[in-house]
Amino acid sequence: MEVAYVYAKKRSEFGKHCVFTDGDTQILESILPTDLYDDKYEQRNPVVTGVDTTRHWSETEVNTERVVIRNASMRHTEGGWPKDVDFTEQSDVKRFRKKVEKDEDYQYSMKSLFPMVQKCMKQNNTVNIYEEYFEKQETDHSSEPPLAKGLAVFRDPSSITRPATSVNWHPEASSGKIAVSYSVLNFQDNRANDQHTPSSAYIWDITNSNKPIVDIIPPSPLSCLRYNPKSLDTLVGGSCNGMISYYDLRKPNGPAGTCRPVECSAIEKSHHDPVSDVYWISSKTGHQCVSVSTDGQMLWWDTRKLAEPIDCLILETNSKGGGIILGGSSLEYSTEAGPTKFLVGTEQGIVMSVNLRNKKTNNGITIFDTGAGKHQGSIPTIQRNPSHNKYFMTIGDWRARIWSDDLKNPVITTSYHDSYLTSGCWSPTRAGVFYVTRADGVMDIWDIGHNQNEIAYSHKVSDASLSSISVEGNTQGGGKLVAVGDANGTVSLLEVCDSLAHPKQNEKSIVNAMFERETKREKNLEVREREIKRARAQEEERLKREEKEAEIDAKNREHDELAKLEEEFFTVVKETDEEGGNE
């Protein structure tokens, strides 16, 4: 039975307010209980019913299939010529052009098109549509709060995931290419000894996260990979078995999209442990590089002949004997700081400076603080400040430290982080900003020019431990794109805000003044400490001298007392003899 009530009103009453009044209750319909449908139901005994007054929510996850995008191109050389005209022959082309130019339709078409073309050319010459009206005006981004957002994710396409051990940007920032090496450095992990674990490294284009553009196939998984800043198509990599391999993208030595090494070092002449880091160094040919490993060796190579290293240095604390050999865990080289200067971070947490010009003094090795200033674990990252090459940063244990070449103690030390630090790097554009990655998947950004005691911004990148980080750009520009690798082989591309990428007004001079102030403070503390040690030594020497004088005085007093007693004894004996003689 359908229950309905029709409410009708006139067109003139549309829009009027409703007037509600109280009235008597009316029963529109009453449905009485009946036994007619009992045979269609079964009674359920017992009956359990849950009653909840809260609102019910449902959660649904949908994972769509991944769409693989592939770039395709078509090459067009030249076409549109008649069959009887060979466009490679200049004589045939000229003959055909003269024939067409004499045609009346061609002349009419050109006359009709000429006014429009002339009008457009005059407009282009009058107005420069690419003119920068505010080119010299600089925008102040200092008031903008720090922020980072994710742009893309590059996942390891291999079936067995591996940690991304190093991330290196192409020297040309406009190219948008990243070289990523993957390897398992934990030898207790079953993947390290599995023959099915792939050894490939990849070069990614940041505009295409679906597939790498180049697949680098090394003889052993790469623990580090770096572009040549002079020859942009060449790379050098260090492997887990200690070998050094050289790659030329112009000579892939394999199928399209893959690249095999052009030269590889002999394994018996290479490192005995995984290569910690490798750097291209300044040379006339642009083919020389240097590598460091935890086996305590620092080797120089020429990529044109990798059969054996051209030079070798043992990372020993004392070259004359009696010292210990330290394993290198990180390396830093900058031509602005000096073509013969190197910085090495070690597994023992000690920082070493190598200057090849002072090889006569302990092989050119300078050892920094080995006491309270050193790290309590391995140093995975050491890097000079791009704007102030005199200062450099080390990442280790739960802290980041900033050092000066003039001091053996750190000038700035951050507070303890919530998790173990795994990597870090300076911002190439801002002198006082640096990034650190943590084992809990968080990236911290410090702005020491603004605040030395607190982190400027923290960003959760991944649930896995972060393993490597690199910022795009140099001192001339860039600094907005950050590539972060994690233990699952995923490289996350982040974009930071303008306040973290664009330098502030007079920032370099402010940061340099802060570094100089902290350096002077540390020097004053060193002088004060030396004075306290000297005063303590003088006090100890004075106490020893007084103690010695007191012992001598005690001995002299004892000798005087003995002499006095002896004199009294002899006097008594003499008097006794005289009395006996008188009797």
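Predicted model: local features only at pLDDT ≥ 70, side-chain atom pairs only at ≥ 80, totals over all residues.
Student: OK, sheets. In what order do the strands β19 to β22 sit?
Tutor: The order is β19-β20-β21-β22, an open sheet of 4 strands with antiparallel pairing. β19 (381-384) and β22 (412-413) are at the edges with a single partner strand each, so one side of each has no neighbour in the sheet. Strands here are DSSP runs of E with at least two residues, helices are runs of H or I with at least four, and both are numbered from the N terminus. Two strands pair if DSSP finds at least two bridges between them.

Student: How many bridges are there between β19 and β20?
Tutor: There are 4 bridges, and β20 covers residues 391-396. R384 stands opposite F392 in that pairing.

Student: Which ring does F392 pair with?
Tutor: With W403: the ring centres are 6.4 Å apart and the planes are at 0 degrees, so the pair is stacked. F392 is in strand β20 and W403 in strand β21 (residues 399-404), 11 residues apart. The rule is that rings of Phe, Tyr and Trp (its six-membered ring) pair if their centres lie within 6.5 Å; planes under 30 degrees apart are stacked, over 60 edge-to-face, and the rest tilted.

Student: Is F392 buried or exposed?
Tutor: F392 is buried, at 0% relative accessible area, and W403 is buried at 0% too. Buried means under 20% relative accessible area, exposed over 50%, and partly exposed in between (1.4 Å probe, protein chains only).

Student: How many aromatic pairs does that rule give?
Tutor: The count comes to 13. One of them is Y182 with Y202, whose centres are 5.6 Å apart with planes at 65 degrees, so that pair is edge-to-face. Y182 lies in strand β3 (residues 177-182) and Y202 in strand β4 (residues 201-205), so the pair ties together parts 20 residues apart in sequence. Y182 is buried at 0% relative accessibility, and Y202 is buried at 6%. F154, Y182, Y202 and W204 form one aromatic cluster.

Student: Switching to β7. Why call it largely enclosed?
Tutor: 6 of the 6 residues of β7 (residues 234-239) are buried, so the rest of the structure largely encloses it. T234, V236 and G238 point one way, while L235, G237 and S239 point the other way.

Student: Which strands does β7 pair with?
Tutor: Strand β6 (residues 222-227) runs antiparallel to β7, with 5 bridges between them, and a hairpin with 6 residues joins the two. Strand β8 (residues 244-248) is also antiparallel to β7 and joined to it by 5 bridges. T234 stands opposite D248 in β8. The hairpin of β7 and β8 has 4 residues between the strands, and G242 there takes a positive phi near 90 degrees.

Student: And what's R226 up to?
Tutor: Its bridge partner in β7 is V236. The charged end of R226 also sits over the ring of Y279, 3.9 Å from the ring centre. That label needs NZ of Lys or CZ of Arg within 6 Å of the ring centre and within 35 degrees of the ring normal.

Student: Salt bridges next. How many are there?
Tutor: The count is 22, with a side-chain nitrogen of Lys or Arg within 4 Å of a carboxyl oxygen of Asp or Glu as the test. Take D406 and K390, where the closest N and O atoms are 2.7 Å apart. D406 lies in the loop between β21 and β22 and K390 in the loop between β19 and β20, so the pair ties together parts 16 residues apart in sequence. D406 is partly exposed at 43%, and K390 is partly exposed at 30%.

Student: Where do E539 and R542 lie?
Tutor: Both are in helix α4 (residues 507-582), 3 residues apart, about one turn of the helix.

Note on methods
Residues numbered from 1 in each chain as written. Heavy atoms only, no water.
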